[in-house]
Amino acid sequence: MTDDISRELYDQRLEKLQALNDAGVPPFEYTEYRRTHLSQEIIDNYAELENKTVKIAGRIMSRRGQGKVSFIHIQDRAGKIQGFFRFDDLGEELYGRLKFVDVGDIVGVEGYVFTTKTGEISIHVAKFEVLSKSLRPLPEKWHGLKDVETRYRRRYVDLIVNPEVRETFMIRSKAIKVIRDLLDTRGFLEVETPMMQAIPGGAAARPFITHHNALDMDLYLRIAPELYLKRLIVGGMEKVYEINRNFRNEGMSTKHNPEFTMIEVYEAYANYEDMMRLTEDIFAAVALATRGSLQISYNGEVIDLSTPWKRITLFDSLAEYGGIDTSKLFEFESAAEVCREKGVHVDSRATLSTLVNNLFEEFVEKRLMQPTFITDFPTAISPLAKRKREDPELTERFEIFMCGREMGNAFSELNDPIDQRGRFEEQLKEKDAGNDEAHPFDDDYIRALEHGMPPTGGLGIGIDRMIMLITDSPSIRDVILFPQMKPVKPGTEEDTE
């Protein structure tokens with residue numbers, strides 16, 4: 001606190017805290033308060049609870065009244081309810097403590113349930129306790145885009161004053177439970193794989209690097225759990241999944257956070273067609289459980305999750321939406337020529353993978369609003385996917401798109417160790433050519449495949465982006481409790497609030 005107003009308010013609340021201590025009721029010494037009900041339970045069950053004694057606890061969100069009557073709204077995790085405080089009921093000493101109580105304080109209240117003259121269900125307070133003193137006032141102007149950065153940085157305040165934010169994260173929790181229940185019911189086993197890895201594999205991404213002092217070796221925060229999960233398939237754990245945190249040392253945007261959550265699923269004796277059906281089932285189950293419908297409104301457009309979803313090959317989508325001659329996308333030079341003709345920048349460090357991806361992002365991705373499977377990616381840009389038998393230049397791979405963004409990725413997993421070794425070697429050439437995101441060579445993973453991995457389907461879905469869809473949230477930071485943020489410059493307005 002460097003501004004005078006904040007210092008003054010802070011000092012005023014410190015004085016009230018001291019007054020409570022002097023009165024022998026120090027608020028921070030309470031270790032528990034046994035509630036009988038939550039606020040919404042009382043409101044929902046008023047007919048049964050009228051005139052019955054209840055105990056609630058929560059944060060004071062507003063207060064009004066003067067003299068010998070006060071009305072205070074108390075908020076808990078379920079909602080808000082009004083407390084009716086009257087001098088004649090509480091007596092001079094207890095009622096007098098209200099002058100040391102502020103909006104933001106946490107209190108415990110006991111009294112009987114009744115309805116005020118204005119028809120509001122309330123608690124007629126017989127006694128109360130101050131359980132925690134708030135030394136900082138809640139912000140008066142917290143809503144709206146003006147304060148969005150501060151809301152993300154100070155999520156604890158955001159959750160207090162914006163009920164819709166709490167609702168978003170309750171929906172997130174419910175959605176993850178729905179996914180877990182669906183997979184458990186189908187016989188999948190939830191597992192945990194290392195978050196620190198000697199070789200960062202399973203995706204094309206730049207990793208975060210850390211150092212293990214005792215072993216004197218660099219380790220990497222995982223960019224994906226894929227290769228470890230497939231090792232489990234080799235080991236006979238035929239149906240596994242992990243709801244995992246991944247870390248990618250990349251830029252931030254409304255679609256990207258360097259720390260994010262995915263669900264990855266692997267099933268032996270299945271292929272990418274099975275993963276398509278599983279994808280549809282997962283999204284449907286989450287939508288029905290959280291929204292009660294397969295039609296979800298996002299950014300003013302209705303997204304229809306009814307099955308079957310549209311399927312179109314990568315090259316057909318480029319031809320349909322971009323008018324691109326896709327026969328030129330199998331070699332770097334011809335693909336670079338296509339990019340230049342279409343006005344798409346060709347970076348000096350570009351690879352065939354980045355060229356095809358840039359064309360797709362420019363001409364196709366933003367037009368895929370309804371759920372769509374983009375299938376059959378080139379082998380050269382799919383180092384972990386199985387080749388199509390009828391066309392070995394393509395793979396049995398799909399990516400999930402809706403709302404103009406990617407939501408997930410899946411393959412029929414490559415289980416040929418000789419082919420996998422060759423693909424890794426090609427990735428090493430790309431890395432030597434300057435592609436920092438090329439897949440590293442993982443010799444132990446090759447060794448695992450040499451023991452024999454059954455035909456396997458694998459699927460990864462971005463949990464954060466799924467929650468963006470079902471909560472109609474425009475930014476990934478809206479659905480991550482504590483998103484990564486740029487540091488605040490000392491002395492700025494945000495630093496002194």
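Predicted model: local features only at pLDDT ≥ 70, side-chain atom pairs only at ≥ 80, totals over all residues.

Me: How many bridges join β15 to β18, and how do the two run?

Reply: Strand β15 covers residues 372–375. It is joined to β18 by 4 bridges, and the two strands run antiparallel.

Me: Which strands sit at the edges of the sheet?

Reply: The sheet is open, with 8 strands and mixed pairing. Its order goes β6-β10-β11-β20-β19-β18-β15-β14. An edge strand pairs on one side only, and that holds for β6 (189–190) and β14 (310–313).

Me: What angle does helix α10 make with β14?

Reply: Helix α10, residues 314–322, packs on the sheet. It touches β14 and β15 there. Its direction and that of β14 make an angle of about 90°.

Me: Which element gives the largest share of the largest nonpolar core?

Reply: That core has 43 residues, and M402, L459 and L469 have the most contacts inside it. Elements giving two or more residues include α7 (163–185), α9 (272–291) and β18 (397–402). The largest share is 8 residues, and it comes from α9.

Me: And what does L469 touch, leaving out residues up to four places away in sequence?

Reply: L469 is one of the residues with the most contacts inside the core. Its list includes M402, another of those residues.

Technical notes. Residues numbered from 1 in each chain as written. Heavy atoms only, no water. Core = buried A, V, L, I, M, F, W, Y, C linked by side-chain atoms within 4.5 Å. Buried < 20%, exposed > 50% of the residue type's maximum accessible area, 1.4 Å probe, protein only. Contact = heavy atoms within 4.5 Å. Pairing = 2+ DSSP bridges. Axes fitted to C-alpha atoms, helices over the stretch in contact; angles between N-to-C directions.
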